[in-house]
Structures are given as C-alpha cells and as structure tokens.
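Walk through this model one part at a time. Keep the sequence and the coordinates side by side as you read.

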Amino acid sequence: MIRFEFRKAAKEDIPNLIKLCRETIVEVYGQILPWEKLVPWVEGDMVEVEVNKQWQNMIVAEKAGEVVGVAARSDDKIDLLWVHPAYHRRGIGSALLDVVETEIKKSGCDLATLECFSYNDCAMGFYLAKGWKPLCEEMDEDAGALKVVMTKTLTKDADGVSIRKEGASKKL
Ligand SMILES: CC(C)(COP(=O)(O)OP(=O)(O)OC[C@H]1O[C@@H](n2cnc3c(N)ncnc32)[C@H](O)[C@@H]1OP(=O)(O)O)[C@@H](O)C(=O)NCCC(=O)NCCS
C-alpha cells in the first residue's frame, strides 16, 4: 500500500513545491482564468516568489519523497489547498483540509473562511461536500474572475485526519 505522509514543509521542499504549484496552475487554473493573468505565474517568477515567502506556513502531503499536495492558512482563513492533478480523488485534499481546519480550531476560531473561483467546479464540489457554505460572490479584479467567499463553522468533531484508498500517516 502506498502511504501519504502529512507534515510541515521544510526548506528542502521548496523546489518540489514550486513544481507542484506550477503544474497545478497550468492544468487547473488554465481552464478557469484568463491566460494573460496566468502568464506571470507560468512564465514569470511569481510561483518562486510566493513559495519562498510562504513555505514556512505550509503543510505538505508527501508520497515516497514526492510532494503531491499542499495547504496553508493564516488566522481563520485557508489561503491554499492544492493537490497535484495526478492525485485527485484519493482523499488527500480531505486530509489536508482536516489538518488546516484543526489548526484554525486550535487557534481559537470557530468560523473558518476561504475563497474559491466560482468556475472552479472541482473545488466548489469538494468544499460543498466538506460542509463549506457559500457566503457571497465577488469579483477578483487581480485574477479577472468571480470568486465565492465560503465559510464553515468548526465543530468539536472536526478534529483529526482521515484518508481513504491508500492510507496515511501524519507527522506535525
Ligand atoms: C479541490 C481539491 C483540493 C480536492 O482534493 P482531492 O484530494 O481531489 O479531494 P478528495 O479526494 O479528498 O475528495 C473528497 C470529496 O470531495 C468531493 N469532490 C472532490 N473532487 C470533486 C470534483 N471534482 N467534483 C465534485 N466533487 C468533488 C467528493 O465528494 C469527494 O469524495 P469522493 O471522491 O468519495 O466522491 C483538488 O481537486 C485540487 O487541488 N484542485 C486544484 C486546486 C484547487 O482548485 N484548489 C482549491 C482552490 S480554492
């Protein structure tokens, strides 16, 4: 059985995180956002800049030394939740979401928030399935696309990580 491990990101993960983010942007956001808005991320150095700035806040999902997913939060907000397209629908997104929801709850916040592009059907389906509720829709002028603000009330049983199909271990 292949196992996934969930742990805080380390500096050595930076090249793998950059690769994961770049590949996810091209495959997922290439379908959703105007191409000119993606150029600085795909052809420029925006991914490198952001990963170097944010890696210390990141949680990674790893399989046999490969980073296959990443999540990050600040205060009550989930800033990032990306699973490599080759690993979708294996429970990795759910497990990463559990980790960041648990962190938010432990920090004393009962209400978590995030933003998701309205036409990101895959992510919208995921968040709705995980108990998130749309609050309002607004225009993201920087990205040139509508986004949905979503919230979730974190209950006591929102604790812990679960994963199906390939098993998991957690080191945090
Ligand atoms: C959204 C995302 C994180 C989900 O991760 P994942 O590991 O594929 O999700 P899981 O396997 O944990 O899915 C859990 C449940 O969510 C729902 N779900 C997941 N993907 C879905 C999809 N494409 N359409 C509808 N529902 C979906 C299902 O109910 C699924 O359970 P099931 O597989 O038993 O049917 C992943 O698709 C992703 O990284 N997408 C690209 C980046 C992105 O859009 N991130 C969110 C930015 S706001």
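Strands β2 and β3 form a hairpin with two residues between them. In the turn, A64 has a positive phi of about 45 degrees. β2 covers residues 58-63 and β3 covers residues 66-74. Six bridges join the two, and they run antiparallel. Strands count as paired if DSSP finds at least two bridges between them. Within this pairing, A61 has G69 in β3 as its bridge partner. β2 also pairs with β1 (residues 4-8), through four bridges and again antiparallel. There, K8 stands opposite I59 in β2. In a regular strand the side chains alternate between the two faces of the sheet.

The model is predicted: local features need pLDDT of at least 70, side-chain atom pairs count only at pLDDT 80 or more, and totals for chains, interfaces and linings use all residues. Residues are numbered from 1 along each chain as its sequence is written. The pLDDT is the predictor's confidence in each residue, from 0 to 100. For the protein chain its mean is 89, and 89% of residues reach 70 or more. Over residues 160-167 the pLDDT is below 50. That stretch still has 26 contacts in the model beyond near neighbours in sequence; a contact means C-beta atoms, placed from the backbone, within 7 Å. Where pLDDT is low, the predicted coordinates should not be read in detail.

Now the whole chain. It comes to five helices and eight strands, taken as DSSP runs numbered from the N terminus (helices H or I, at least four residues; strands E, at least two). Their order is β-α-α-α-β-β-β-α-β-α-β-β-β. Of the contacts with a separation of 6 or more, 68% link residues 24 or more positions apart.

Buried residues in α4 include I92, G93, L96 and V100; buried means 20 or more other C-beta atoms, placed from the backbone, within 10 Å of the residue's own. Just after α4, G108 takes a positive phi of about 100 degrees.

Finally, the ligand. Of the 19 residues around it, G93, S94, C122, G125 and A129 come nearest. A residue is near if its C-beta atom, placed from the backbone, lies within 6 Å. The elements giving two or more residues to this shell are α1 (14-28), β4 (77-83), α4 (92-106) and α5 (121-129). α5 gives the most, with five.

How values were computed:
Contact = placed C-beta atoms within 7 Å. Buried ≥ 20, exposed ≤ 12 C-beta atoms within 10 Å, placed from the backbone.
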